[in-house]
Amino acid sequence: MSGWSQALSGFGAGKGESATISGNRALQIEEPLLFEQDAAGRCGVDLPEPPAVSDRLGGLGRKGPIGLPGLSEPQVVRHYTRLSQKNYSIDTGLYPLGSCTMKHNPRLNEKMARLPGFADVHPLQPQSTVQGAIELIDLLAHWLKTLTGMPAVAMSPAAGAHGELCGMMCIRAALDARGESRRRVLVPESAHGTNPATAAACGFTVDPIPADARGRVDLAAMKAKLGPDVAALMLTNPNTCGLFEGEIVEIARAVHEAGAYFYCDGANFNAIVGRVRPADLGIDCMHINLHKTFSTPHGGGGPGSGPVVLAESLARFAPLPWVVHDENGFRLIEEAEGPAAESLGRLKGNHGQMGMFVRALSYMMSHGSDGLRQVSSDAVLSANYLLAALQDELTPAFPGPSMHEVLFDDRFLKDTGVTTLDFAKALIDEGYHPMTMYFPLVVHGALLMEPTETESKDSLDRFIAVVRGLAQRAKAGTAEAFHEAPRFTPRRRLDETAAARKPILRWRPGEREKVAAE
Amino acid sequence: MRYLPLTDADRQEMLATIGVSSVESLFRDVPPAALLARPVDLPKAQGELEVERALSRIAAKNVSAGSVPNFVGCGVYRHHVPASVDHLIQRGEFLTSYTPYQPEVSQGTLQVLFEFQTQVSLLTGMEVANASLYDGATACAEAVMMANRVSRRSKAILSGGLHPHYREVTETHSRFAGFSVAAQGPDVMGTEDLIPLIDAETSCVVVQNPGFFGHVRDWTALGEACHAAGALLIVVVTEVVSLGAVEPPGAMGADIVAAEGQSVGNALNFGGPHVGLFATRDRYVRQMPGRLAGQTVDAEGRRGWVLTLSTREQHIRREKATSNICTNSGLCALAFSIHMALLGEAGFTRLAALNHAKAVELADRLGKVPGVEVLNRSFFNEFTLRLSKPAAPVVEDLAKAGVLAGVPASRFYPGLADLLLVAATETVTEEDISTFAEKLEEILR
C-alpha cells in the first residue's frame with residue numbers, strides 16, 4: 001500500500017480539470033518503479049534449493065544484501081506491459097524520423113533469429129559444431145558484397161558508429177603500412193556527429209568542409225583542403241539533407257589523387273540499395289547499418305550491427321575474426337596470422353552480432369534482388385511525394401529530387417512564434433512521432449522527414465494532411481497552443497535542464513519519500 | 001512483396017503528384033554510369049515458407065548448446081531465461097521504437113533504462129551506471145579510455161586474468177587512440193601481483209573477477225595501491241551471476257566496473273548481440289561514455305524521465321565527445337532488466353548459489369577422473385583443468401561423443417595446450433556431469 005499511495009500522491013496525480021483520483025488517464029496508467037513494488041522474499045522465478053556444499057569462493061562471499069526488489073511474475077508482466085504502452089513505435093504508426101529509417105520490422109526475422117541452431121549456440125563451441133553459424137555469416141557477407149560491389153566485408157562491428165570506427169581504423173592501418181602519418185580527415189558540416197567523434201577516436205584531427213547552396217559538398221572548397229596530410233574524406237551519400245552527392249565520382253577521384261582514402265557513411269544506403277553499387281562510385285569503405293537498410297529492429301536504442309565493406313586496398317587490415325571457406329568447410333581465423341596477418345586486431349568480443357545477421361539475411365532473402373530494388377524505389381518515391389505535397393505549405397531546404405528523406409527548414413514558421421520543437425510536439429498530439437529536429441546543422445531549424453517504403457499511400461496522405469493543417473494553424477497565430485503541446489501524452493514536456501543540472505541517474509532507497517516531501 | 005504497401009496505381013498517382021513520369025527520374029542525380037539497369041545477381045524474392053525452410057536448414061547444421069551436456073563458458077554463459085522475458089521484449093512498443101529522443105512518447109523505454117541503471121549500480125556496488133554499451137569487451141576498452149581522461153595519464157596495466165578478447169579490444173584501441181597497454185601473460189593460477197607494476201604514469205589497472213581462469217580474488221589492496229598512486233582500479237566481470245554470491249567490485253574499491261550482462265535475460269546468440277554493463281563513481285559521471293537516463297519532472301510537476309548529460313555525447317560534442325558511441329544495447333538491456341526483476345533479491349542470490357553448487361559438484365567429480373587436475377582453489381561457476389593430453393583434440397572428441405566440454409585455453413593461448421576451462425550453470429544436470437566425467441575418462445585413458 002505504501003508504495004502505491006506514495007507514488008500517487010508524490011508523482012502521478014495530474015493538475016487541473018483532467019485530474020483523476022488515481023492519476024491514470026484511461027489506458028494511460030501510472031506505473032511506479034520496480035523498486036517501489038518490493039516485498040521482501042517475493043520472487044518471480046521458482047528455483048530449487050541449492051544443494052549444501054562448502055563454498056569455494058575463497059572467503060569472498062557477498063557480505064551484504066544487494067537491494068533488488070522482489071516481485072512476482074504477474075507484477076513483472078504488468079509492469080513492462082504498462083511501460084511499453086508509454087512508447088511510440090513503428091508498430092504504432094508512421095515514424096518519420098529522418099536518417100533513422102524507421103521501417104516495418106518483419107516478424108519472420110524474429111522467428112528465424114530464435115531458431116535454437118542460431119540463438120542457442122555458443123561462440124566458443126568447437127567450430128565443427130557451428131558450421132551452419134559460420135556459413136550464415138559467410139552468406140550474409142556474400143549478399144552485402146554483391147549489393148555494394150565491394151570485394152571484402154568486416155562483419156564484427158556492433159553498430160553503425162562501431163563500423164565507422166572499424167573503417168577509419170582500417171584507413172589508419174593502411175596509412176601506417178605505407179609509412180605515412182597523414183592525420184587530417186575532412187568531414188562535411190552536415191555529417192552525423194559520429195563521423196567527427198570516430199575520426200577523433202582513431203587519432204585523426206577533423207577539418208570541416210562546408211556545404212554549397214545546393215546542400216552538397218562544396219567541391220571547390222573540398223579540393224582546396226586536400227593535401228599531403230589528408231588521410232581521408234568521410235562523406236555520407238545520399239547525404240543527411242536527403243540529397244545524392246552527384247559529383248561523387250569526381251570527389252572520389254580528387255581524394256584518391258591526393259593520396260587519401262574515401263570513407264562513405266552508409267547510413268542512407270536504403271535509398272539506393274539494389275539500384276546503385278557504392279563500389280561504382282569510387283568509395284574505399286562503407287559501413288552498413290543492418291538496423292536501417294535491412295530492418296533489424298531498433299529495440300529502443302539497439303542492438304545494431306554495422307558491417308563494413310572494404311576495397312582491396314583496405315581488406316587485409318580488416319578486424320578479427322575472419323571467415324574463410326575451403327574444402328574442409330567454414331572456419332574462423334581468430335588470430336592475426338596466415339591471410340589475416342595484417343589484421344588490425346579485435347574490435348569486439350566474439351564474432352559479431354549474429355542475432356542481427358540472421359534477421360538481416362531473412363529480410364534480404366524475403367525481398368530478393370528484385371524486392372530490394374523496389375524498396376529503394378518506393379522509399380525515394382514516398383519521400384518525394386511528401387516533398388511535392390508539402391512544398392507550398394512548408395519550406396524545403398533545397399530543391400528536389402530528394403532521395404529517401406526530405407529536409408525542410410523553419411522559414412515557414414518565421415514570425416509565428418512557433419519553433420521547430422513546438423511543431424514537433426504538436427505532431428505528437430496528432431498521433432505521430434516527430435521527424436528529426438534540428439539536424440542536419442546546415443539549415444536553420446531543420447525538420448528531416450523519412451517516410452520509408454513501408455507506409456501505404458493512405459498513411460502518407462493522412463500524415464500530409466496533418467502536417468499541412470499544423471502549418472496553417474501556426475501561420476494563423478495560434479502559437480500558444482503549440483507551446484502547450486503535447487497535451488495528451490503520458491507526460492507533458494519534460495524539464496531537461498533540471499535533469500542535467502542535478503542528475504538523478506538511479507533510484508535510491510528513501511528517494512521517493514524525499515521527493516514527495518519537497 | 002508482402003512488406004510493400006504501395007500498389008502500382010498508388011505509384012502512378014504519386015508520380016503524377018510529383019510531376020515526373022517514372023521513378024528513374026527521381027534518381028537523376030546519380031551518375032548514369034553507376035545506375036544499375038537490372039537487379040544484382042542474387043536470388044529473387046521468396047515467401048515466408050521458403051525463407052524459413054532455407055534458414056532452418058542452415059541452423060540445423062549447428063549443435064545447439066541446449067541439446068547436449070554443455071560446459072562452455074569463457075565470458076558467455078547458458079542460463080535459463082524465463083518465458084515472460086522473451087514475450088515482453090517482443091512487444092512492438094519496445095522492439096520497434098527508436099532511441100528515446102522524444103521523451104513524451106518514450107517514457108516506457110526511459111523508465112526501463114532508469115531501472116536498468118539502478119539494477120546495475122546495485123549489483124556492482126557502484127554509485128552510477130549507464131544505459132549499456134555494446135558488450136563487455138568494448139565496455140572494458142571504454143573504461144580504460146575513460147580512466148585515461150580522468151587521470152590525464154595514458155598507461156594501462158591489464159591483468160593476465162583478463163579475458164583475452166577484452167585485452168585484445170583494448171589493445172586495438174590503444175594503437176589508434178594513442179595510449180599504452182602493459183598486458184600481463186596468462187595468470188593461470190590466479191597468483192599474479194600487479195601492485196609493483198604501478199607507477200606515476202599508470203592511469204589504471206584492469207583486473208577481472210572471477211578471473212578468466214576462474215579464480216575469485218580480493219582486489220581491495222590493489223585498489224588502495226592504485227588510489228595512492230593516482231590511478232583507477234577497473235574491475236571486469238564476465239559472469240554477472242557471480243555478483244549474487246561474490247563481494248561486488250564496489251566493495252573492493254573499484255572506480256569503474258565493465259561487465260558483460262548476457263548471462264541475465266539473453267541467449268548465447270553465437271556471441272552477439274550481448275550487453276555491456278558500465279558503472280562508476282558519481283564524481284566521474286561526466287567522463288562516462290554512453291547514454292544515461294535521468295529523472296526529472298514534466299510541465300505538470302509529475303515525475304518523468306529523459307536522456308541526460310548528453311553534452312558528453314557525439315551528437316552534441318562531435319569530435320570532442322567522450323566516445324563515438326551512438327547506441328546502447330537497448331533490447332538486450334531490457335531483457336536483462338526483466339529477468340533481473342523476476343529474480344529479485346531472493347531469486348538472484350539463489351541462482352548464484354545454484355551455479356556455485358553445480359560447479360563445486362562438477363569440480364569434485366572431474367577431479368576424480370585420472371589425468372585431470374583441478375587448478376583452482378577458488379572459483380564461482382567456472383574453473384580450469386589441467387589434462388594429461390592436449391585439450392583441443394579432447395574437446396573435439398567429446399563433441400563427437402555429444403558433450404560440449406568447455407573451451408581449451410589454447411584457443412586463446414597456443415602455449416597452454418593442456419588446459420581446459422569448464423563452466424557449470426543451473427542448466428547442468430547431475431546426469432550431464434556424469435556423462436561428461438565418464439566420456440572424459442574414456443578419452444584420457
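How many residues of chain B are in contact with chain A? 165 residues of chain B are in contact with 172 residues of chain A, where contact means that the C-beta atoms of two residues, placed from the backbone, lie within 7 Å. The model is predicted: local features need pLDDT of at least 70, side-chain atom pairs count only at pLDDT 80 or more, and totals for chains, interfaces and linings use all residues. Residues are numbered from 1 along each chain as its sequence is written, while chains are lettered from A and ligands numbered from 1 in the order in which they are written.

**Chain B against chain A**

- On the side of chain B that touches chain A, α10(B) gives the most, with 21 residues; helices (H or I, at least four residues) and strands (E, at least two) are DSSP runs, numbered from the N terminus.
- This side of chain B divides into 85 nonpolar, 49 polar and 31 charged residues.
- Ala, Val, Leu, Ile, Met, Phe, Trp, Tyr, Cys and Pro count as nonpolar, Asp, Glu, Lys and Arg as charged, and the others, Gly among them, as polar.

**Domains of chain B**

- Chain B comprises domain 1 (67–79 + 344–444) and domain 2 (83–339), with bounds from an automatic or database domain assignment.
- The centres of the two domains of chain B, taken over C-alpha atoms, are 27 Å apart.
- Between them, 26 residues of domain 1 of chain B are in contact with 24 residues of domain 2 of chain B.
- On the domain 1 side, α10 (330–366), β11 (382–387) and β13 (419–423) of chain B are the elements that give two or more residues.
- The largest share of that side, 7 residues, comes from α10(B).
- The residues of the domain 1 side divide into 15 nonpolar, 9 polar and 2 charged.

**Helix pair in chain A**

- Helix α11 (residues 354–390) and helix α13 (residues 457–475) of chain A pack at about 35°, with axes 10 Å apart; axes are lines fitted to C-alpha atoms, for helices over the stretch in contact, and angles run from 0 to 180 degrees between N-to-C directions.
- The contact involves A:Ser382, A:Tyr385, A:Leu386, A:Ala389 and A:Leu390 of α11(A), and A:Leu460, A:Ile464, A:Val467 and A:Arg468 of α13(A).
- By class, the residues of this contact are 7 nonpolar, 1 polar and 1 charged.

**A:Ala161**

- A:Ala161 is found in helix α6 (residues 160–177) of chain A.
- A:Ala161 counts as buried because it has 28 C-beta neighbours inside 10 Å; the cut-off for buried is 20 or more other C-beta atoms within 10 Å, with exposed at 12 or fewer and partly exposed in between, and C-beta atoms placed from the backbone.
- Not counting residues up to four places away in sequence, A:Ala161 touches A:Thr194, A:Thr198, B:Asn324, B:Ile325 and B:Cys326.
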